[in-house]
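Hi everyone, thanks for making time this morning. I'd like to walk you through one structure, so let me put it up on the screen.

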Amino acid sequence: MGGAPRLRGAPRPGDRLPDATVSVGGPPRRLHGLLARPGVHLLLQRDADPPPDTALGPRVTVLRLTNSPGRGLVAVRPDGHVGFRCGTADPAGLTGWLALIGAVASPPVRP
């Protein structure tokens with residue numbers, strides 16, 4: 001699933017996220033090593049807005065990739081495949097996708 005605007009140059013939803021050397025504050029690390037924990041991982045580009053509070057929970061880990069310029073984000077499913085991506089903050093799209101897969105509570109329905 002993708003949010004708006006589209007994140008260019010990133011794997012598409014359903015693609016396996018390739019391994020790479022990344023910086024998250026401290027010495028460079030292997031991305032797959034950082035993702036080797038249960039839950040969904042939100043990978044924020046260096047200048048991305050933080051995710052909304054509704055997208056946070058015990059099953060969601062947020063990692064800011066300081067060596068990745070841009071304002072987008074990629075959400076990685078527990079199986080290592082991309083589940084959601086967007087070129088800038090799309091709080092409603094991200095929260096909706098996380099609720100769809102059961103990682104966070106469903107947002108309230110507005111009349």
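Predicted model: local features only at pLDDT ≥ 70, side-chain atom pairs only at ≥ 80, totals over all residues.

β3 and β5 run antiparallel and are joined by four bridges. On to the next pairing: β5 and β6 are also antiparallel, again with four bridges, and there V74 stands opposite R85 of β6. Between β5 and β6 sit five residues, making a hairpin, and G80 in the turn has a positive phi of about 85 degrees.

Now the whole sheet. What is the order of its four strands? Reading across, it goes β4-β3-β5-β6, an open sheet with mixed pairing. β4, residues 60-65, and β6 are the edge strands, each pairing on one side only. From one strand to the next, the twist averages 15 degrees. And here is the helix: α2 packs on the sheet and touches β3, β4, β5 and β6, with its direction at about 170 degrees to that of β6.

Let me stay with β5 for a moment, as both of its faces are covered. L73 and A75 are buried on one side, while V74 and V76 are buried on the other.

The largest nonpolar core has 16 residues, and V40, A75, F84, L94 and L98 have the most contacts inside it. At least two residues come from each of β3 (40-45), β5 (73-76), β6 (82-86) and α2 (91-100). Which element gives the largest share? That would be α2, with four residues.

Beyond its neighbours within four places in sequence, V40 is in contact with R59, V60, T61, A75, V76, P78, W97, L98, I101 and A103. Apart from this core lies another one, of 13 residues, with L17, L31, L34 and L43 among them.

The largest pocket holds about 270 Å³. Its lining is made up of 18 residues, and those nearest the centre are P11, L17, L31, L65 and S68. Two or more lining residues come from β3 and from β5.

Definitions and conventions:
Residues numbered from 1 in each chain as written. Heavy atoms only, no water. Core = buried A, V, L, I, M, F, W, Y, C linked by side-chain atoms within 4.5 Å. Buried < 20%, exposed > 50% of the residue type's maximum accessible area, 1.4 Å probe, protein only. Contact = heavy atoms within 4.5 Å. Pairing = 2+ DSSP bridges. Axes fitted to C-alpha atoms, helices over the stretch in contact; angles between N-to-C directions. 1 Å grid on protein atoms, 1.4 Å probe; cavity = no way out; pocket = protein on both sides within 12 Å on 5 of 7 lines; lining within 4 Å. Points joined across faces, edges and corners; volume = space filled by probe spheres on them.
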